[in-house]
Amino acid sequence: LLISALLLQCAFAEEQTSTIPQHFGLLIGKLNVYHHGVSGSVYAVNRTTILIKDFNYDGMGKDAFFWGGSTGTGPSPNGFIIPDQHGRTNVLSKADNKDFALTLPDNKQISEIKWIAVYDLSKYENYGDVYVPDGFEPPSTQTLPPLISKSDDCSSDQIELIDTKTIKIYNLNVHAADDMELYFVVGKGHVPSLRAGASTIIPDENGYFEPLRSYTNEDVELVLPGTFTFTDNSVHWLSVYDKKADKALGYYVTIPNHDESQSVVPPSLRKSMYVHPQKYDYTLPNCAALHRDFHVSWDVVGQTVTFELVALANDDDWLGFGVSGDNSTAKMIGGDVAIGHLNLRTGQGVVSDYNLDARAPCSQILDHKRGVCKDQELGKSDGIQVLEGRRVNNALTVIKYRRQLKSADELDKDFITDQVAILFLIYFNSPCFYNNEYVLANLCDLGPGENDEDERAWVPQAVPEAPQDHPAAGAASEDENDEGNPNIDSNSCVPFLLPDENRRVKPWGPIRLVDVHGRIGPSAGLRGYEGVSGYANPGYSWYIHGYVTPELYMQRGITYSFRVEGGNNPHNLETYHPFIITNEPLGGSAANLPSARILAGVEVTRRGQPRPNAAGRLCIWKHEHTDRRTDEKYTTFEKFRNTLKLRCEQGSQAANLDVTPNSSWPDVVYYHSYTQSNMGWKIHIVDSFREVASSVGVLTTSICLPILLLSIVICKHIL
């Protein structure tokens, strides 16, 4: 099998897994030991962060904190609390040889303080301390010159070496033409090249090893995978490299080596699974890194292929891998995918065969099931044989399964055909469970969303070439192992890199509104719907008053007229979203469970069947010329919303839904889509807006404005 779109050369990767001196920063000193077994070494990571290695404390102090000060001759009550590794100012608990990073509060800098201590504020007692030397200068970011441009297709402003694994390129411009195959590449030597053993592709800013898109005046932050660092004397240059033309469009050479930068470049606090706690040992001979957090290994024996999916994931995450819906490009719709997870009760692996005909959870529309559906739900066979499922070091999820190379029925696709088959990856975070069923909620997060023609740029690929008579994977031809061949790499997996816990994404919300207008738009991941609600999302969310899924307020006895533009074509599952209000938090199929109550948006037919009555024309906010995987990079919702464009269908009308909350309504209800789960959020039902005004500080009169991306428009009538 051949793996394209990947160039992590095996020889270079193996060299990096040798023992590399660990760089913790600049040593301030060891803690002086006075009481309660306090000990450890204190390092300056950067100007505002300290790293305490091998910290010990018996936890018996009554009111002990990390304590800093910039005055006096030593620790005293005249100081400030340094928040713990979780950013909290809690009393310290017992620690045995722990390592953690602390960030000084209020933008204080290490060079401004004189001492750091473990201090008991109730007894004014110093348990252990270290003194910052006079004139101490902690490690800091290094500024490097711009990329050297070899063509008009690549340019940048200055480059910053943020830490030993992270580099940031400012105002990057790259024109990725159709005849190019571009990657970020690092390597050794004086001139960038793809010579085996001297270079490696590194993931893009989103963690993918796929060909680069075009960039226009963008700031791009890159993180080296595995055990690679910019200061271990093995990375001399960084480039934007065209693999097809075998040349660099732009590059920077003479990155400071280990000896030059040991004392000045901040260390990376991200740990490699190779050194902490171990490198994963793959059981199959071939391996490819599709994403820095997702690897796939495989072997072909006879007429079967065995896959081992390994991902840095939570224990309840879902993993998937499969064949594209198009033989010539990566296309999710029409794909044939194996999706697996760990059964948390038994600890065993579960893998099922799925057919994808829409980016939406499997739903029954017009007597047919559509969306992400199991083959068995569609009356076909499941062609997957589960071999293994397990957790490794409470960090990696491993799913192993086998399938036939040839399709078992018309819903399955040949894994290897006379033409090239494109494989693609689906990676789920925090799937939503309801009534023992699951919602494959983040299916679209690694797909392009609205534009099929962009799918190749959004979906990581591994391309197997059809072998004659399907020889075993290890039986490579003579020219497949040529040192300079960049197209072949049957073992490109470097150790996983643990996430940076200090850089977690924080949501924009929650937003609380009293008067309402809204539309529907992209869910925006952990910054938007998922961050506010805690539920995973299928791709679209209702937008109210221009904000993604805010909390609404409605008063009992007042009539509200909702103008709904969520799509009225039931043949298109992705964009058919009748508006409903229920007493449960999920919506979609969950709204029809016996325990749920639909309060508005559904009527009962003469045959006693529920039927939605608030499905209007489709008005949808769409990404245009932006990568939906970058939604979470925007610091404010307003900046994110400015990247979207509103598109409305012509020739049809919005639906109107009049709603009057009454005394039978609970204090908290939820607005939803009738067809898909997890698209809306809370509505607070109050008896008087005076209560709301006092609690949220907002009270306005009347609003009649249109609503967004499956667009709802709400008018509030105040009598």
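User: What counts as a salt bridge here, and how many does the structure hold?
Analyst: A salt bridge is a side-chain nitrogen of Lys or Arg within 4 Å of a carboxyl oxygen of Asp or Glu. The structure holds 17 of them. Keep in mind that this is a predicted model.

User: Which residue pairs with Lys53?
Analyst: Asp99 does. Their closest N and O atoms are 2.8 Å apart. Lys53 sits in strand β4 and Asp99 in strand β7, so the bridge ties together parts 46 residues apart in sequence.

User: Is Lys53 buried or exposed?
Analyst: Lys53 is buried, because its relative accessible area is 15% and the cut-off for buried is under 20%. Asp99 is partly exposed, at 29%.

User: And where is Glu410, which bridges to Lys380?
Analyst: Glu410 lies in the loop between β30 and β31. Lys380 is in the loop between β28 and β29. Their N-to-O distance is 2.3 Å. Glu410 is exposed, with a relative accessible area of 60%. Lys380 is partly exposed, at 29%.

User: Which residues are linked in a network of salt bridges?
Analyst: Glu205, Arg213, Glu218 and Lys633.

User: New topic. Which residues touch the most other members in the largest nonpolar core?
Analyst: Ile167, Leu172, Phe184, Leu222, Phe230 and Leu238. That core has 29 residues.

User: Which strand gives the largest share of this core?
Analyst: β14, with 4 residues. Strands that each supply at least two include β13, β15 and β17.

User: What about a second core?
Analyst: There is a separate one of 27 residues. Trp542, Ile558, Trp665 and Tyr670 are among them.

Technical notes
Residues are numbered from 1 along each chain as its sequence is written. This is a predicted model: local features need pLDDT of at least 70, side-chain atom pairs count only at pLDDT 80 or more; totals for chains, interfaces and linings use all residues. Side-chain values use heavy atoms; hydrogens and water are left out. A nonpolar core is a set of buried Ala, Val, Leu, Ile, Met, Phe, Trp, Tyr and Cys residues joined through side-chain atoms within 4.5 Å. Buried means under 20% relative accessible area, exposed over 50%, partly exposed in between (1.4 Å probe, protein chains only).
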